[in-house]
Amino acid sequence: MLRLKNINTYYGKVHALKNVSLHLGEGEIVTLIGANGAGKTTILNSISGVTPASNGEILFRKEPVMALQPDRVVKLGISQVPEGRQVFKPLSVEDNLQLGAYLRYRGREGKAAIQKDMEQVFALFPRLEERRKQLAGTMSGGEQQMLAIGRALMANPKLLLLDEPSMGLAPLVVQEIFRVLQRLRQENGTTILLVEQNAKAALKLADRGYVLETGKVILEGAADELLENAEVKRAYLGKDKKEMWER
Amino acid sequence: MKRELLKFLAFSVFVLLLPLLFEGGYLMNVLVFVGINTMLAIALNLLLGYAGQISLGHAGFFGLGAYLSGVLTATYGWNPWQAMPVAAIVVGCMAYLIGFPVLKLKGHYLAMATLGLGIIIYIVFNETIDLTGGPSGLSGIPNLEAGGVVFDSDVKNYYLIWGITLAVILFAINLANSRVGRALRAVHDSEVAAQVVGVNARLLKVQIFALSAVISSLAGSLYAHTMTFISPASFGFNFSVELLTMVVIGGLGSVYGSFLGAALLTLLPEFLRAAQDYDIIIYGGLLVVMVMFMPGGLVRGVPDLFRRIFKSRGGAGHA
């Protein structure tokens, strides 16, 4: 469904992604794990066009997505939930969700279809419905994260790019959000690319994973294999650290 | 939306009945300027209050509208009704082209760039003497005329200008409450987030900049045809700052706030005449006090004030 081939992305002179290649199958949940500055967010931003890659190839359903404007990427069916949620704080929950469907208002489906999708988001996150008139900035971190995901879903995406949805949230809220992601895949067949610091939780949810270090993919494999991998355990899961030390 | 419509109708009735209080007189002339300034403040507010992009050069677009209309009619004998849309289109296209490079800038840098733009336009008015008459101005601009009525008195101009101002207000309210209005506020809050939901932030900023310039140009043309005389001094940096003050004092992101700001800043100097030489000190002092105690602008601050007074009198009143 999505394939990245030898992507290179720069921030000015800083070489942030070095020949990154990865792929996602239809309906898969794939996670990217790695330390701060490994390039996880940059991969998502390169796909969505927010920080375009300078060379390489990105194919989405065999169509090139490379160097498209972000709005064109959304139109193709890729929605990003940006890092730090980035909900529109001075706008209401409802307005935020309607903005998620921004490009669809011009389309043929009409407002009824958009309204139906909003009801679906409310079914996934009942707490958003209770707060539909509330300003997004006045909600808790967990609620804002739910809103950010709901907003991305309003574009009716085939592929969802999630950037650290667990950041700064209580474990229970993280569980709730991860359950929703699972439901999305089961019910809508949404493909998900998940960037996470919380490697354990992410690998438990995902089918496959990629491990990044300083802009390169250093390891890839099935999620359960990665969970058992000694190197991953040591570096990202915090297990067996003592044994490694003692060796 | 229904409430918005009622509010607009109430405001329209207020505007249409206001002249009955004054029966002509000098104040009518001032009220014509309130109308023109309201249009300008709304234009700038769409850009600054909704989309969050500053401009310190809007007096330039206002002036371009006035001079294009003035030169086309006074020098080349065009009909004002033809000159006005032509001026608006030319100014709109110019703003659109300038917008692409300029609106890439943010914050202080955008302020500097638009400031420079305003100054360049001002210099052009002063230096192209053959065309604009230079610092001594351009006179002999015809009044507007419709169905045998020549708009040459303050009362007639009042209804003409305010008719158009009301149309601009209605348009701005509709825009603000539409999908585009939401997108503008989204760009204001977070450009990255706006992009990932599919808003082409860069294009939208340029489009709203051009729209803002078109409304300013229209106000400029109307100014030229009601005054019949224009000179560069009305379109300098000072006026750009005054427009900015109207928008901020009135209330960012509020159409009626723009009216309140424009009304206050246009009327206040007239009332302060009585204070003679001290007027400018009182004027400045009032602005400082207002910004300090009504950071949301008049449109939010005044109802707040009433609520507070009402509460302290009514005691147990919980509004």
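This is a predicted model: local features need pLDDT of at least 70, side-chain atom pairs count only at pLDDT 80 or more; totals for chains, interfaces and linings use all residues.
Two residues are taken to be in contact if their C-beta atoms, placed from the backbone, lie within 7 Å.

Helix H3(A) is largely enclosed by the rest of the structure, because seven of its eight residues are buried. These are Val93(A), Asp95(A), Asn96(A), Leu97(A), Gln98(A), Leu99(A) and Gly100(A).

The interface between the chains involves 23 residues of chain A and 15 residues of chain B. Two helices of chain A, H2 (70-76) and H3 (93-100), each supply at least two residues to the side that touches chain B. That side of chain A comprises twelve nonpolar, six polar and five charged residues.

Strand S3(A) spans residues 29-34. It is mostly covered, with six of its six residues buried. Ile29(A), Thr31(A) and Ile33(A) lie on one side of the strand. Val30(A), Leu32(A) and Gly34(A) lie on the other. Both faces are covered. S3(A) runs parallel to strand S8 (residues 191-196) of chain A, and five bridges join the two. Within this pairing, Thr31(A) has Leu194(A) as its bridge partner. S3(A) also pairs with strand S9 (residues 208-213) of chain A, in the parallel sense and over five bridges. Here Ile33(A) is bridged to Val211(A).

Leaving aside residues up to four places away in sequence, Ile218(A) touches Val211(A), Leu212(A) and Glu213(A). Ile218(A) is partly exposed, because 14 other C-beta atoms lie within 10 Å, while a residue needs 20 or more to be buried and 12 or fewer to be exposed. Asn6(A) is 212 residues away from Ile218(A) in sequence. In space, the two C-alpha atoms are 14 Å apart.

In chain B, helix H12 (residues 255-271) packs against helix H11 (residues 237-250). Their axes come within 7 Å and cross at roughly 125°. This angle makes H11(B) oblique to H12(B). The crossing is right-handed. H11(B) contributes Glu242(B), Thr245(B), Met246(B), Val247(B), Ile249(B) and Gly250(B) to the contact. H12(B) contributes Gly257(B), Ser258(B), Phe259(B), Leu260(B), Gly261(B), Ala262(B), Leu264(B) and Leu265(B). By class, eight of the contact residues are nonpolar, five are polar and one is charged.

H12(B) also meets helix H2 (residues 26-50) of chain B. The axes of H2(B) and H12(B) come within 8 Å and cross at roughly 140°. The two helices are therefore oblique to each other. H2(B) passes H12(B) in a right-handed crossing. On the H2(B) side, the contact is made by Val30(B), Phe33(B), Val34(B), Asn37(B), Thr38(B), Ala41(B), Ile42(B) and Asn45(B). On the H12(B) side, the residues are Val255(B), Ser258(B), Phe259(B), Gly261(B), Ala262(B), Ala263(B), Thr266(B), Leu267(B) and Glu270(B). This contact has ten nonpolar, six polar and one charged residues. Ser258(B), Phe259(B), Gly261(B) and Ala262(B) take part in the contact with H11(B) and also in the contact with H2(B).

Notes. Residues are numbered from 1 along each chain as its sequence is written. Chains are lettered from A and ligands numbered from 1 in the order in which they are written. Helices (H or I, at least four residues) and strands (E, at least two) are DSSP runs, numbered from the N terminus. Ala, Val, Leu, Ile, Met, Phe, Trp, Tyr, Cys and Pro count as nonpolar, Asp, Glu, Lys and Arg as charged, and the others, Gly among them, as polar. Axes are lines fitted to C-alpha atoms, for helices over the stretch in contact, and angles run from 0 to 180 degrees between N-to-C directions. Angles under 35 degrees count as roughly parallel, over 145 as roughly antiparallel, 65 to 115 as roughly perpendicular and the rest as oblique. A crossing is left-handed if the near helix is turned anticlockwise from the far one by less than a right angle, and right-handed if clockwise. Two strands pair if DSSP finds at least two bridges between them.
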